[in-house]
Amino acid sequence: MKALPVLLLSLALFGGQAMAAECPALLQHQLPQLRSKETIDLCQRFAGKPLLIVNTASHCGFTPQFKGLEALYKRYKDQGFEVLGVPSDDFKQEAATTEETAKVCFVNYGVTFAMTQPQHVTGDDAIPLYKELMAQSGQAPRWNFYKYVVDRQGKVIAQFSSRTKPDAPDLLKAVEQALASKP
């Protein structure tokens with residue numbers, strides 16, 4: 001009778017290690033979810049899925065791109081595509097409170113894709129996710145709404161400037177390449 005709990009504990013421990021080994025380094029992080037006390041486990045939520053990661057800001061000339069990002073997400077989500085928005089005040093254009101950030105995203109633009117609470121995305125204070133994005137791509141975000149397309153293996157396959165709209169042909173081509181990648 002005592003062997004069963006030990007066996008279950010062992011399976012839980014070693015099963016977790018196996019899952020961590022299958023999850024790419026890029027996704028081995030957790031981030032606080034916007035408008036929630038919950039966290040987003042990036043491995044659990046995004047491993048094996050094509051992904052667009054974008055740093056956002058509530059008071060930027062590019063903020064209307066939320067509408068295009070939402071359309072892009074809806075266009076491809078049935079194929080497993082995900083978008084992760086990471087608000088940041090690194091360029092001094094994020095809302096003063098998370099409540100205002102949430103209002104801009106969810107109320108003003110109807111965002112339904114995953115959004116984190118504001119994070120640092122540049123420099124020494126950048127969160128590990130962004131440090132890995134920079135290591136893989138060789139490029140830190142230069143401004144708000146800088147975009148990284150990640151394939152199903154957790155590898156950055158393209159990055160795009162803030163000026164690249166979510167429906168730009170080059171971005172769509174990169175998303176379709178990520179969709180076609182093998183897990």
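Guide: A salt bridge here is a side-chain nitrogen of Lys or Arg within 4 Å of a carboxyl oxygen of Asp or Glu. The model is predicted: local features need pLDDT of at least 70 and side-chain atom pairs pLDDT 80 or more, while totals for chains, interfaces and linings use all residues. Residues are numbered from 1 along each chain as its sequence is written, and side-chain values use heavy atoms, without hydrogens or water.

One joins Glu-82 to Lys-49, with the closest N and O atoms 3.4 Å apart. Glu-82 sits in strand β4 (82-87) and Lys-49 in the loop between α2 (42-46) and β3, so this bridge links distant parts of the chain, 33 residues apart (helices, H or I of at least four residues, and strands, E of at least two, are DSSP runs numbered from the N terminus). Glu-82 is buried at 9% relative accessible area, whereas Lys-49 is partly exposed at 28% (buried is under 20%, exposed over 50%, partly exposed in between, with a 1.4 Å probe and protein chains only).

The side chains of Lys-74 and Glu-70 form a salt bridge at 3.8 Å, N to O. Lys-74 and Glu-70 are four residues apart in helix α3, so about one helical turn separates them. Glu-70 has a relative accessible area of 5% and is buried.

Now the rings. There are seven aromatic pairs (rings of Phe, Tyr and Trp, the last by its six-membered ring, with centres within 6.5 Å; planes under 30 degrees apart are stacked, over 60 edge-to-face, the rest tilted). One of them is the edge-to-face pair of Phe-66 and Phe-145, at 5.3 Å centre to centre and 80° between the planes. Phe-66 belongs to helix α3 and Phe-145 to the loop between α5 (128-137) and β6 (147-150), so the pair ties together parts 79 residues apart in sequence. Phe-66 is buried at 0% relative accessible area, and Phe-145 is buried at 0% as well.

The rings of Tyr-73 and Phe-113 also pair edge-to-face, because their planes stand at 75°, with centres 6.1 Å apart. Tyr-73 lies in helix α3 and Phe-113 in the loop between α4 and β5 (114-115), so this pair ties together parts 40 residues apart in sequence. Tyr-73 is buried at 10% relative accessible area, and Phe-113 at 2%. Ring pairs also link Phe-66, Tyr-109 and Phe-145 into a cluster.

Beyond neighbours within four places in sequence, Phe-113 is in contact (heavy atoms within 4.5 Å) with Phe-66, Leu-69, Glu-70, Tyr-73, Val-83 and Gly-85.

Phe-66 and Phe-113 are among the residues with the most contacts inside the largest nonpolar core, which has 28 residues (buried Ala, Val, Leu, Ile, Met, Phe, Trp, Tyr and Cys residues joined through side-chain atoms within 4.5 Å). Elements giving two or more residues to this core include β3 (51-56), α3 (65-76) and α6 (169-180). Of the elements, α6 gives the most, six residues. A second, separate core of 24 residues includes Leu-31, Leu-51, Ala-126 and Tyr-146.
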